[in-house]
Structure formats: structure tokens, C-alpha cells
Amino acid sequence: MSKYLPTIGIEVHVELKTNTKIFSNSRNGYGSVVNSLTNVVDLGYPGTLPTLNEEVINLGIKAATVLNCKIRRKMHFDRKNYFYPDNPKNYQITQNDTPIGYDGYVEINDDGVMKKIYIEEMHIEEDTCKSTHRKDNTYLDFNRAGVPLIEIVTKPCMTTPNEAKLYLEKLRELLFYTDVSDCKMEEGSMRADANISLRKKESDPFGTKVEIKNIGSISNVKLSLEKEIARQEKMLDNNESFKEQTRRFDSKLNDTVLMRVKETGNDYRYFPEPDIPFVEITDEMIENVKKTIPMLPDERREKYIELGISEINSNKLVQNRDLSDYINDLLDEKIDFQVAANLLLGDISAYLNKEEKTIEETTLNIERFIDLVNNVSNKTISSKNLKDILETIMTKEDSIEKIISSSDVQNITDENLLTEVVDKIIDANPESVNDYKNGHDRAIKYLMGQIMKETKGGANPALVMSILKDKLDN
Amino acid sequence: MKYLNKPIKEINKLLKDKKIKPTDLLDEVYASIEANKDLNAYITLNKEEAYKKAKELESIEVDNLLFGIPIAVKDNICTKGLRTTAASHILENFVPIYDATVVEKINEKNMIIIGKTNMDEFAMGSSSRTSYFGAPKNPWNHDKISGGSSGGSATTVAAGDVLFALGSDTGGSIRQPASYTGLVGMKPTYGRVSRYGLIAFASSLDQIGPMTNNVYNNALLLNVLSGKDNKDLTSIETDEDFTRLIGKPLKDVKVAVPNFFMSDIVSDEIREKVKETIKILEDNKIKVDYIDMKYIDKAVTLYQIIAMGEASSNLARFDGIRYGSSYENPENIYDLYVKTRSRGFGAEVKRRIMVGSYLLSGENAKIYYNKALSIRDDIAKEFDKVFEKYDYIIGPTTTTTAYNLDDPMDDPSKSFMDDVLVIPVNMAGIPGLNIPIGLSKDNMPIGMQIIAPKYEEAKIYQLASFLEEKINFGGDTNE
């Protein structure tokens, strides 16, 4: 145990999954030709004015709801004034006085211990444009200018880098499942900054705060905090003092690097945005948004476990939202969910990954999937044989029964037919029969194998075993 | 003058009957502008495009009263393909790729934009002398200012070049020049006219409005300009004809005159003229009371805080990166900012940006800006209170008549004091109109302001048309 207590707070920006930008009707999209998704409003041309995308308010309400925040009923936007080339109006429209959500929390499970991570506030704002520096020049892509963001700020309530990681995973899961954001850190649609300070004991005032900016992945948030804690501990041990500063995580150096020492508080000259009237959030708006919130990840996990799916598979399903949504459509069916989960996470996932498809893009609709699950669970088809017909199942519209029967993988359940095969194998292997009768149990497995071979794996193993034992024991 | 001194309905009939063409009107307009070149009313003329449009109109049916009628547009209102400078060096070569909503609206009615009028740089001033292009002159006396900031629009209409002009009014910039030049100028209810495409000075106060030489024309143009615009969230739905009460009798009307408006801040001559006008009202059984109003004497102070604060932010976008003048070969980004803006803005604009930045800085935003917003609400409530008992508030529009162009500009607060009587209306977001009520001894126009509750522009036109008829200020008065 270290002799210092870390205090960690996290600020996250997520880009909202809207069709258009927050203050103009330009399309909101990632990966388009530079400066193709922009208009005179995004570029801050003289005389242009912001409009307000209602989708953004709804997603803000949604995020606030799933993050257990209180929702501001009358809010406005503010201007944050600062000059920077990526800031087209040289002010950013944000919420300073009246963030849409405040006083929330999310719950994390840290190795079986539940902990609430408190959210100070979450507010809506516009993204800046993307600047790329090459040689002496800076290139500006305004496609990102005006993309809606929410910024979510925790209280300084985390004490380990692992908690920070768990919080971010939880946050990403919630916002992804509610379609607030696609939360892709690699594309910048989720960006995290971490604040960290160390002190000796809880009764001490907070130590000097260091901000680590724009960390590229959740695992790097944990790693950068670990590195930063080690760095600060060493300095504190040596009685070195340091100033409040901003650092970044350099994944090549695998350490944090100084960006700048904080100067005396930035003066953003905030004032209420006069071009956008106050927004009233009504009960009706909140109710309508709540109706669009799907079953959340924690509830899904509980439900899956309740239905007999293993904890590992339950987690894996929740991590794959397509499959989780898919299985959620059949929660009321009387099927073997263990089999269903195995199929989805096993052969079907492998197939989908290989083909680069989503399950919705295959012919395996819910009805056919239920048939498939039942055929596997009643052993009409072994999971081994399934591989041979999976492609047909995923690409053709035929019924599962038809696909199984028209292939030679069907389990042979015809007792007369199987008896014939069993007799044939017994006749051909007198030594093994003798071995069995002399108490060598292994011999029966050999005979089984021969029967399966004869039927090209198609025989129903349970049925074969019962016929075989019958013959041998009598 | 052959046509442009006629009532609009007569011009419309001539056009309809194909007795004249829109180009005939343009001939007259541009001949007049040429003759009055010395007045410096325009920054940019749109002659070529105007004639092109006029020719096109020859094959289109005359479908409204303003069809084919020339109009001048203040140069802080964006016009697609037509240079829009806001009278600033920084936008000297700025050609917008979009029309302001009001420009779309006047184009839809097939009015013809003849040019962009001179003004104070970014509408910051009361005499149009902060224009990068030099000040316009008052047609009544070329040594006098036309007022501001819509000085060019006032000049050209008063000179008889054109019947219609657009102005913008943040702290009196339509009404004050209208008063100095003897025009009818309306500052509509905040939100009545879309601000989309109006280069922002103080967003919570700016409002575009019509400047004309009679009441009817003014109401007619407001019909065109007003209405909800999806591009401006502060705009409001309008479904009414602002001419509908013109000529209708005034029954049981009560008028309030704030004592502040008739105090010794106003010149004796103007006060006398207003009193004469009040007498006319009383003679026509209109009850006029002198009242005290709280806060209106504080309006200028509040205005300075709010307008300069907002302006400092609104003008931040002029950084030389995306459009407008840009300093060549800067050393770095901050050098670009500093040199572009130092060169591009005039002294008054710089002063207001600096004061505005200071007012919003750190704790000042709470001490000044937010406080000013809250007192502004109190002003609005004070007006509401008066309007519970009275239909109108009237008073002089300006404290003096137009002063000399070469009067010193070294006292910055003086220019705000010019607007002491018009600013309270902007603070309350209500409509106000200047109507000329007479001439001073030295033959300069004197104006009176008519103020009504929000959305009551039609009622203002009703009283204004009544006075217009009684006073017969000169020139053309009626339809």
C-alpha cells in the first residue's frame, strides 16, 4: 500500500449520435471528405445565427436519466469566449450556469465491491473544428465544428486508476446502449481527461492537481494514472514541489508528458448566449425520452444469469450489443438460453466476424433461431455438425428442419436403422465386445466411435448408446 | 421627379398598367443618387444587378404593391453576391454567399435592391462618422450629420433618391437618424423581424426595421420584413397587416409622456414642438398625462454594458482566418489576430470591444452584465405598468436636432447621450417609431417617438398616420 492517497476526477466528452449538428443543419458524420459537412453557420460567417437541434436536448435528457442526474428544467446556453483557430466564432456555445444534468452517479463493480461514482454535472456544448499541424501550417477541418457534445464531469471521488477505468467502461456501456453516442475513443467520439492529486491522508487538503488530457483509450487512462501516481509519489518523497499542470499520455514513451503549467485561471468571459432563448424541459419531454431507453446493461446481465446463461457469457453478450439486442427479443420464449448464448457467442459470432456481417444482415431471424436452438438442445443436430450447415442457415431462407434433413448431418434417430448399424459393428468387432464383457469400459467408447464413423457422425449419440448397451448387456 | 414622389399605390398602378417599367424607376433612382453623390449615402451600388432584375421583372406579373419598387439596404445586412462591409475596413472586400432573411423576403416581393447604405462601423455610433468610408451628410443641411448608425439609409430616403430603406436599431439607430432627417422610422418589437444575416452588434437588442418618408409605406414594408424565421430562434410568428389601422379613428386613447422625456436634457425648441403636438392630440380628445417612470434614466448605462459586452463577443469572429481582411505574413497565430484586428477595426469599435471585454471579464460579468440584464427586466416591467393604463408613450426622439459633422468626437459618452431617449425602447424590447413633427428655426427636422407595448406596431402606425395627417410635415404623406 502506498503512503499517498490518490484523488481522481474524470471529465469525458462524448459526441452525440444525431443526424445534424447542434446549431446548424449540416450533417453530423465522421470520416467524410474534409470540410464537406459544413455551412456558413458552422464557419461562423457574419450575421449567421445558431438554431437548436431538438435531438440534442433529447439525448441530453436521456444521458442525464441513465446517469441518475437531476435534470435542469429551465436552462440556457452560455458563450465561452477565447481565441483559437479551431473555434470559428472565437466563442464556443456551451452551458456554464445551467448544465442540463447535475448531481448524478453511476455504480461500478470493483471486484465484487459496488461503488457509486458521483457526477458533478453534465452539459451540452458544440465541438470545435479539427486542426492538423503540418510543418509550419495548420489545417482546419470544419466537419467537426458544431458536432453536439456532452461533457460529463465527476466529483473528485475515485481513489484508484482501476476505478477510473471501471467508471469509463460503465459510462461507455450506458451511453452506447442508449444510443447517446457511439463512444469510439479511436475516432474521438469519446474523449477522456483525468485529474489527479495525491495527499497523505484523507483529512489533508487535496494535493496539487495534474490534468492528463485527451487519453486515447480506457486502458491508457488507467495506465497513465498509474504512471502519474508513480511520478508524483517520487517527487513527493523527494520533497519536490510542482505546479498545477496539464500533461498528456504518450503511448510510445508509455508515460505522461508535460504540456503546460497552468497559468492563473483562464478568463473565458462567460455570458448567456443571447441568440438562443431559454429551453424549458417539461415532464412530457422527459417521459417521452424515458420511453426510448432500452433495457440497460446491468439489467440485461441480471436477466441473462437468471435465465441460466453463465456469468461469463452474460458479460460477453452485453459487450456485443447486436447480439444482446437480438437475444432480448426472445426473452419470453421457452428455449434453452444456455444453448442460445453458446450458439450466438460461438459459431454464429465466428461466422459473423469472418463475413463481417451483423446478425441483422443474415437470414437468421428470430423464428429460425428459436428452431435452431431447439434442434441443438434436443440433439437433432450436434454442435459439431452445425458448422457444416451454418452458412446455409445464415444465408438461405429455408426452414431449419429442411436444411438439416436435406444435408446428411441430421442425427439418425431411426431406431431400426441404428440397430442395424449397431449389429453390424458388433459383428465386426468381436474382441472389443469381449473386452467390454470382461469389464473394460473403454471398449464401449471404441464401439461408439465406430458406429459414429459408420453414420458419418449423424447418429444420435444417446440413442446409439442405449441400443448398444442393450445389445451388449443381454 | 417623375414617379418617386407619387404615393406607392399610384406607382403600382402605373407598373400594373404597363405605363412605366421598373427600369424607369431605377433611372430616376440612380440619377438622383448621382446628383446627390456628395451626400455619401452609399458604400456600394448594385446598379448592374438592379437593372438586370428590373428587366427580368418586365415579363412577370405585378402581384403586390412593392413589386419592382427600389429599396436601399443598410450595409450590415448580408446580400448574396453584393459586397457587405458593415462600414468596416475589416470587411472591405467581403461578399457574402448568402442572403439575410429580410433580403430573401424583399426579393420574394420582387423589390429591387439598389445599393448598400453607409453607416457607423458595425453600427457603433450615432452620427455615421465612424464609417470607414466617411460620414454621410444630412440632405437638409450638408454640414450636418444624418445621425446613426443607419445614417446612409436616412440620407438617401430623405434626399428623395428612393422610397424605402432598411435600417437596424440596437440603441436608436433607426429612430434617431429618422428624426434628424425627417423620416418615418420604425424599430419593431424585438423578434418581429429575423436577424439572420444582420451582422450582429448586440444580439439581444439588434432589430431590423423600415425607414420611409411616410407612415403607410413604412407599415407596408414591415409587412414584408416580419415573421417567424427558422434560422433565428428569437424571431416570432407574425400574421397581421400592419396597415390595417391606418386612418381608423382613435377612440378612448390615452397617452403618457414620461417627465424624463420632457426634462431639460431636451432642447427648448424640441420640447416646444412636442408640446404643440400634444396639444393637437388633446384637441382631438386624446387624453395625455405626464408621468414618472422609474429606471428609464438608467437605460443608457445598462445599454453600454449589455451592448458592449455582447459586441466584444460578436466581433471576435473577425480574425482574418475564414473571411474578411487578413494581415499578410503574420509571424504566428497571435500576430495574425492582433495585426488583422488592429488594422481592420476603427477606433470606436476597438474601444467598445475593449470595454465590453472588460465588462465580461472574471467577476465583472456578474457585477455588470448579469446585473444589467436583471435591471433591463425591471425597465420592461416599468413599461408594462405604464401600458396597463395608457395605450402609448410619446416624447421627443432626440434631445437636439442634427448637429454639425465637424463637432468633436472626442467624448465617447456624448454619442450615447444622443440616444438617451431612444435606448429605453430597445431595453424593453418594445416597438418605437419616429414621426417628424416639424422643423427647427434653422430648418432642421424635429421628430417625435411613439412607443407601444410589444406586438402593437399596428397601433403605432394608427397614431402616427393620424399625426402625419394633422401635421403635414411636408413632402408626400399618404397613400
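Strands pair here if DSSP finds at least two bridges between them. Helices (H or I, at least four residues) and strands (E, at least two) are DSSP runs, numbered from the N terminus. Bear in mind that this is a predicted model, where local features need pLDDT of at least 70, side-chain atom pairs count only at pLDDT 80 or more, and totals for chains, interfaces and linings use all residues. Residues are numbered from 1 along each chain as its sequence is written, while chains are lettered from A and ligands numbered from 1 in the order in which they are written.

Next, zoom in on E4 (residues 164-168) and E6 (residues 208-212) of chain B, an antiparallel pair joined over five bridges. Click Phe164(B) and look across: Thr212(B) in E6(B) stands opposite.

Then go to Ser149(B), in the loop between strand E3 (112-117) and helix H5 (151-158) of chain B. The peptide bond leading there from Gly148(B) is cis, with omega near 10 degrees.

Move on to helices H11 (347-360) and H12 (364-389) of chain B. Their axes come within 6 Å and cross at roughly 110 degrees. Axes are lines fitted to C-alpha atoms, for helices over the stretch in contact, and angles run from 0 to 180 degrees between N-to-C directions. H11(B) and H12(B) are therefore roughly perpendicular (under 35 degrees counts as roughly parallel, over 145 as roughly antiparallel, 65 to 115 as roughly perpendicular and the rest as oblique). Show side chains for Tyr358(B), Leu359(B) and Leu360(B) of H11(B), and for Asn364(B), Ala365(B), Tyr368(B) and Tyr369(B) of H12(B), which make the contact. Contact means C-beta atoms, placed from the backbone, within 7 Å. By class, this contact has six nonpolar, one polar and no charged residues. Ala, Val, Leu, Ile, Met, Phe, Trp, Tyr, Cys and Pro count as nonpolar, Asp, Glu, Lys and Arg as charged, and the others, Gly among them, as polar.

Bring chain A into view. Here 34 residues of chain B are in contact with 25 residues of chain A. On the chain B side, H9(B) gives the most, with three residues. That side has 17 nonpolar, ten polar and seven charged residues.

Finally, colour chain A by domain: domain 1 (5-285), domain 2 (297-406) and domain 3 (415-473), with bounds from an automatic or database domain assignment. The C-alpha centres of domains 1 and 3 of chain A lie 67 Å apart.

For the last stop, select H12 (residues 415-428) and H14 (residues 442-454) of chain A, whose axes come within 10 Å and cross at roughly 125 degrees. H12(A) and H14(A) are therefore oblique to each other. Val421(A), Val422(A) and Ile425(A) in H12(A) meet Leu447(A), Gln450(A), Ile451(A) and Glu454(A) in H14(A). Those residues divide into five nonpolar, one polar and one charged.

Key. Contact = placed C-beta atoms within 7 Å.
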